[in-house]
Protein chains: 2
Amino acid sequence: MFTINDNFCKLPESYLFSEVARRINAFKQTNPEADVIRMGIGDVTLPLCKAAIEAMHKAVDDEGNAETFHGYGPEQGYAFLRDAIAKYDYNKRNIDIDPSEIFVSDGAKSDTGNFGDILSVNNIVAVTDPVYPVYVDTNVMAGRAGELTDGAWNKIVYLPVTAANDFIPALPTDDIVPDIIYLCYPNNPTGTTLTRNQLKVWVDYALKHGSLILFDSAYETFIRQEDVPHSIYEIEGARRCAVEFRSFSKTAGFTGVRCGYTVVPKDLVTCDSEGKEVSLNSLWNRRQCTKFNGASYISQRGAAAVYTDEGRKQIKEAVDYYLTNARILREGLTAAGLEVFGGINAPYVWIKTPGNMTSWEFFDLLLKKCNVAGTPGSGFGPSGEGYFRLTAFNTLENTIEAVKRITTRL
Amino acid sequence: MFTINDNFCKLPESYLFSEVARRINAFKQTNPEADVIRMGIGDVTLPLCKAAIEAMHKAVDDEGNAETFHGYGPEQGYAFLRDAIAKYDYNKRNIDIDPSEIFVSDGAKSDTGNFGDILSVNNIVAVTDPVYPVYVDTNVMAGRAGELTDGAWNKIVYLPVTAANDFIPALPTDDIVPDIIYLCYPNNPTGTTLTRNQLKVWVDYALKHGSLILFDSAYETFIRQEDVPHSIYEIEGARRCAVEFRSFSKTAGFTGVRCGYTVVPKDLVTCDSEGKEVSLNSLWNRRQCTKFNGASYISQRGAAAVYTDEGRKQIKEAVDYYLTNARILREGLTAAGLEVFGGINAPYVWIKTPGNMTSWEFFDLLLKKCNVAGTPGSGFGPSGEGYFRLTAFNTLENTIEAVKRITTRL
């Protein structure tokens, strides 16, 4: 009789966003006149830029003509896109990344989730806490997490990031060395960043201990401060210890179009169990060629257009719009007496709940008094308790209105 | 120190299509005047139908306007597509499948490759032989294949399908019961089919032994004979033992656009290691929600258009065109004295190599004498030796010319 992967049964029901929706709906039932501003979801709202739209119309036309029809593309992505990524996201920033080190995909969620395929189940995993739940859940599925006790998995190393340490994760203690370290900067959910020097600490640690850093820079395009690295490969030695995940979702609004990429440098090598040198670039290439058939040609043409002169100008305008919202949230809520983090190089602001309220108590209070919905920080991990996330992806008008309500009613 | 999934190192280099390309290029170097007709690749060549093109233009416009913008969609696919699939591919054929049992994805290769995520690594896997290599390679990666000896994996059960058994796989012998059985009908690479009664034998076997059938019907749209089932769910009891994979790649030419789907009936339940009942529909839903972020909105709109009156008419014309090519190949090569299989309900013809030639010997002969390139059957598994695959995806003119050359020059 066939049997299932029992690790799936260890996962508790994923209830965060459904519970958020349930409470909002219940509130609206009893308060039908309330105009609830939703600032919980991490999805973009502005339409795609003109350059991408035009390129995708042309790509659709290509698919309608025999002479220009594109069937199966390279599993790694088309050269026109890999070349543009290498040039604009790396080489122009003096970062040494070759197009052959870039793997285009349908998005960073797939890639961060699937990357564990090429890694042993025996690796010890570390995550910052609070954390994007995909890192943890996919390792539970793979059998790397152990058992869930008091909201934490006993084989996962949690690295708390809270106001107590200025959101700078401390290196693991000497008694346990993680093999795989997930870092996401600019961070989801806290909206905070690491400076070059702070990130260097982690690269040095990984090189010293033979750890692999899985670096998620999905929010890179929101970086505005000079000392915040855009890529982990700005740090010396990172080509030997880090994989980087990027996405067009937040960069260019591609959450519905689906396109992202993963960088696996050719210097990233290790040994198999027999001591033979193995390149992670080759392993990931093999994984993608076997279990993936390339991202949509239309999506890839759209993504490539983001790198044209017009495209770069247009997506910057959209990101600036969201960053204006983030600034209004950050400054407005700080002025209102709240302790607020993030929101400078990221579309998220992370609020310390006042008066030692729990994350869910603050959620209920904000919904009831201000008709503003966000996301309870405790949903992102044990150290998220007592925090609350608001996103900058709503409209400017709604953002201003939300700040006004919180300032006057809370 | 981090360690890799050592199973990846067991995989030999995948050289089939690169070796085919190498030999063609070498031949063209020494015979620059030769006009080689390529009939090896399994990719479509006709452009997309008008209905899909129009729908995708409209979807691109949707993404360019704030009022109609679509960001993250449901991981399972949009209701407009799941409803159309349930209605046209199942309910109108009197097959009981609910939209909630359909999971839209970026293609059947991803789904057949990823489905093993929710299954234990201890399951015994059976494949028909020759076989689509993805089924085998993904199980090697997962650790279910054992060791490679003389071209076969020692933990995989191979079910030969050759002229000797009329390409009808025999049930496994009593001493070994596979837990997971991959069946692909209409078959890639042989182009052959099973009748309802022949498929019923496998459903009955699976129900009796608690096996799971992973049924790949990517070529369903090519079926023209009455007694060939379009879905495994036409067979009584299949809802309790089978998952079905479908794709718009061959149905509607979406190889570059990327859209497919997987059906996981809610009747498909098993027990976890503690004896608790588990629904595979829930497990796959959890897997997709965690490691996938939905197929492109534009691709899904294109796929939905395939089910409109115009769309269904237009894709039938394209499939009829390929089936005409298949008939010309089958009839022409049979008349030329070759033993030919498949090509009636599939875009592939499967040729017995004449005079006991190996698959590669016939490849070289056909390339040299006829300037026609196909795929050696031995590349698809041990029982593919002595066979050769030609595809119907070239143009009508080239197909006629290829038959003429083989008839006159071989």
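User: What pTM does the model score, and what pLDDT does chain A average?

Analyst: The model is predicted, and its ipTM is 0.97. In chain A, 100% of the residues score at least 70. The values asked for are a pTM of 0.97 and, for chain A, an average pLDDT of 97.

User: Which element gives the largest share of the side of chain B that touches chain A?

Analyst: On chain B, 67 residues are in contact with 67 residues of chain A. Elements giving two or more residues to this side of chain B include helix H1 (7–10), helix H3 (50–63) and helix H10 (297–305) of chain B. The largest share, five residues, comes from H3(B).

User: Which strands stand at the edges of the open sheet of seven strands in chain B?

Analyst: The strand order in chain B is S2-S10-S9-S8-S7-S3-S6, with mixed pairing. Each edge strand has a single partner strand, so one side of each is left without a neighbour in the sheet. The edge strands of chain B are S2 (102–105) and S6 (157–160).

User: What is the bridge partner of Phe245(B) in S10(B)?

Analyst: Strand S9 (residues 242–247) and strand S10 (residues 260–263) of chain B run antiparallel and are joined by four bridges. In S10(B), the partner of Phe245(B) is Thr262(B).

Notes: Residues are numbered from 1 along each chain as its sequence is written. Chains are lettered from A and ligands numbered from 1 in the order in which they are written. This is a predicted model: local features need pLDDT of at least 70, side-chain atom pairs count only at pLDDT 80 or more; totals for chains, interfaces and linings use all residues. Two residues are in contact if their C-beta atoms, placed from the backbone, lie within 7 Å. pLDDT is the predictor's confidence in each residue, from 0 to 100. Two strands pair if DSSP finds at least two bridges between them.
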